[in-house]
Amino acid sequence: ISPAKRIIVTGGAGFIGSAVVRHLIAETDHQVLVLDKLTYAGSLDSLRPVANNPRYRFVQADILDALKVQDVFASYQPDIVMHLAAESHVDRSIDGPGAFIQTNVMGTYTLLQSALAYWLGLSGSRKADFRFHHISTDEVFGSLGAEGYFTESTAYDPRSPYSASKAASDHLVRAWHHTFGFPVGISNCSNNYGPYHFPEKLIPLVILNALEGKPLPVYGDGSNIRDWLYVEDHARALVLIAERGRVGESYNVGGHNEKTNLEVVRAICAVLDEIAPDPRIGRREELITFVRDRPGHDRRYAIDPSKIGRELGWAPQETFETGLAKTVRWYLANPSWWKRIRSSVYCGERLGARA
Ligand code: NAD
């Protein structure tokens, strides 16, 4: 067990960030400060389980606001920064790339500068033990053919505005390590799913549409392959890397759960037909509707997670089947979380869902 640290989590009100925070509060002794702008994708409702814990704090701030970020660093005196704040939805990056360049590229640069200045002012073991952990995606590696896996040494080949902006941020983080000696770590993870997932993404969109008897949109012929990981397995991996990962290294995180989008949608239909049958809707698979493919849609992502297994002893606890059943049950049990988002924040301007 690592000694208690003070951890800043940027983007901690988002899907993965909130899972990291709930994990840190429930399973460790660390102190946590969430720094989040609360864009459309962030919600304090996702942090409600930790809201009254004395080890948790929240600050609403934009990572582009250097003065505010510097203030937070100076007053909180973190030992670890876990950087998850980002624009994260591929379809939105096609419709409007500007916010992705601002937050993912300029925001990461601004945060790095503030964190570097803070770190340079530390001394002794606090300086030696400080970590800046940058959370990234396997989408920076581009698209795979039928064979092979992304490893930590796969060359970057991003193809969407989202993945290009994440690749740029990864390069900045590495450059700050090589140039300034800044103690960073990077992780690249496959597609996550689980509780508190914003309902514009494929799995929650399909669960909620299927529950309501609405069409289930699938891009193209549904044969694009993604490698799925339950979000709590990812959160555990991130905390392990932040605590024990080697400085300057990157770690790929994934659970060997390659599925076509059509398989994912069919699996959700099967779970719902079993645990929430509705005679008015009938077999949910009949709601599947193929929609025009996303431009530049990557064919296949698949992660080789052997390095994090070998070095840090991490392995996922959920299979796709157990994680999906947990996820569907969570959405059935928590309508107040998603109904507010479906009716107000999310305007549903596009039918297509990302995966
Ligand atoms: P998300 O969209 O659910 O959450 C992003 C959070 O960042 C939100 O709370 C939002 O309010 C906050 N934010 C956005 N812009 C900000 C800004 N300028 N300043 C401060 N806060 C800001 O995203 P997510 O799915 O939880 O992803 C988190 C990170 O993990 C991202 O960096 C993403 O690239 C990466 N990632 C995601 C996946 C996935 O499948 N979701 C997979 C691998 C890596």
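1. Let's start with a strand pairing: Leu-216 has Ile-288 in S12 as its bridge partner. The two strands involved, S8 and S12 (residues 288-291), run parallel and share four bridges. Strands here are DSSP runs (E, at least two residues), helices are runs of H or I with at least four residues, and both are numbered from the N terminus. Strands count as paired if DSSP finds at least two bridges between them.

2. A word on the source: this is a predicted model, in which local features need pLDDT of at least 70 and side-chain atom pairs count only at pLDDT 80 or more, while totals for chains, interfaces and linings use all residues. Residues are numbered from 1 along each chain as its sequence is written.

3. Strand S8 (residues 216-219) is covered on both faces, with Leu-216 and Val-218 buried on one side and Pro-217 and Tyr-219 buried on the other. Buried here means that 20 or more other C-beta atoms, placed from the backbone, lie within 10 Å of the residue's own; exposed means 12 or fewer, and partly exposed lies in between. In a regular strand, side chains alternate between the two faces of the sheet.

4. Next, the seven-stranded sheet. The sheet is open, pairs in parallel fashion and has the order S3-S2-S1-S4-S5-S6-S10. Strand S3 (56-60) and S10 are at the edges with a single partner strand each, so one side of each has no neighbour in the sheet. On average, neighbouring strands of this sheet are turned by 20° against each other, direction ignored. Such angles are taken between axes fitted to C-alpha atoms, for helices over the stretch in contact, and run from 0 to 180 degrees between N-to-C directions.

5. Within that sheet, strand S1 (residues 6-10) and strand S4 (residues 80-83) are joined in parallel by four bridges, and Thr-10 has His-83 as its bridge partner in S4. Strand S6 (residues 184-189) is also parallel to S10, again with four bridges, and Ser-187 is opposite Tyr-251 in S10. Although S10 is an edge strand, both faces of S10 (residues 250-253) are covered: Ser-250 and Asn-252 are buried on one side, Tyr-251 and Val-253 on the other.

6. There is also an open sheet of three strands, ordered S7-S9-S11 with mixed pairing. S7 and strand S11 (258-260) form its edges, each with a single partner strand, so one side of each lacks a neighbour in the sheet. S7 pairs in parallel with strand S9 (residues 225-230) over three bridges, and Asn-192 is opposite Leu-229 in S9.

7. Now for the ligand. Gly-11, Gly-14, Ala-41, Gly-42 and Ala-86 come nearest among the 31 residues around the ligand; a residue is near if its C-beta atom, placed from the backbone, lies within 6 Å. Helix H1 (15-27), helix H4 (98-120), strand S5 (131-137) and strand S7 (191-193) each give at least two residues to this shell.

8. Two loop residues deserve a look. Leu-38, in the loop between strand S2 (31-36) and S3, has a positive phi of about 60° although it is not a glycine. Leu-38 is partly exposed, with 15 other C-beta atoms within 10 Å. Gln-77, in the loop between helix H2 (66-76) and S4, also has a positive phi, near 55°. Gln-77 counts as exposed, with 12 C-beta neighbours inside 10 Å.
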